[in-house]
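Reader: I'm new to this one. Can you walk me through it?

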Amino acid sequence: MGLSGDELGIVLLSLKVALTSVVFSLPPAILVAYALARGRFPGKILLDAVVHLPLVLPPVVVGFALLTLFGKRGAIGSWLDTWFGIVFAFRWTGAALAAAIMGFPLMVRAVRLSMAAVDRRLETVARTLGASRTWVFISVTLPLALPGIVPGALLSFARSLG
């Protein structure tokens, strides 16, 4: 049993939305996870609560909030439409944005646990050998956190398909 043209189009659109949501939410998720795992700053608990908010709110509430913010008359959506011609409402890009928002907490949670498990002594050694903080993050922290980044991205992808 093969798929009809319409069915194949639906499957490809779902894959496109899920992949786009993961690709665009992965870099911010890594940065937020790093800040939550290593940072000490005022408002850390609030940031953690905001990141996990989509997990506890009903999907209808999150969708309504996104439509209110990113619709053509929304606070962010009107600005994006006016200045850049970007419209999210009722397009596949809007679905990708919604999927990214809903999968973001799952990704951050997995990456955060992996970042917290990275041995800081290895980062300290790299710093004493002359590496910059950015290079240490890219060459030491990220590769060691990869066992959490991959499952986080897969969880977000699976959530986006759902």
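**Salt bridges, cores and a loop residue**

Author: Let's start with D48, which is partly exposed, with a relative accessible area of 22%. Buried means under 20%, exposed over 50%, and partly exposed in between (1.4 Å probe, protein chains only).

Reader: What kind of model is this?
Author: This is a predicted model, where local features need pLDDT of at least 70, side-chain atom pairs count only at pLDDT 80 or more, and totals for chains, interfaces and linings use all residues. Residues are numbered from 1 along each chain as its sequence is written, and side-chain values use heavy atoms, leaving out hydrogens and water.

Reader: Back to D48. What does its side chain meet in a salt bridge?
Author: R112, at 3.1 Å from N to O. A salt bridge puts a side-chain nitrogen of Lys or Arg within 4 Å of a carboxyl oxygen of Asp or Glu. This pair links distant parts of the chain: D48 sits in helix α2 (residues 44-56) and R112 in helix α5, 64 residues apart. Helices are DSSP runs (H or I, at least four residues), numbered from the N terminus.

Reader: And R112, buried or partly exposed?
Author: R112 counts as partly exposed, at 23% relative accessibility.

Reader: How many salt bridges in total?
Author: Three. In another one, R38 pairs with E123 at 2.7 Å, N to O. R38 is in helix α1 and E123 in helix α6 (residues 120-128), so this bridge ties together parts 85 residues apart in sequence. Both R38 and E123 are buried.

Reader: Which residue does R121 bridge to?
Author: D119, with the closest N and O atoms 2.9 Å apart. R121 is exposed at 62% relative accessibility, while D119 is partly exposed at 30%.

Reader: New topic. How many residues are in the largest nonpolar core?
Author: It has 18 residues, and I30, V32, F104, V108, V111 and M115 have the most contacts inside it. Such a core joins buried Ala, Val, Leu, Ile, Met, Phe, Trp, Tyr and Cys through side-chain atoms within 4.5 Å. Two or more of its residues come from each of α1 (5-38), α5 (92-117) and α7 (133-161). The largest share, seven residues, is from α1.

Reader: Last one. Where is F90 found?
Author: In the loop between α4 (75-84) and α5. Most residues other than glycine have a negative phi. F90 is also exposed, with a relative accessible area of 79%.
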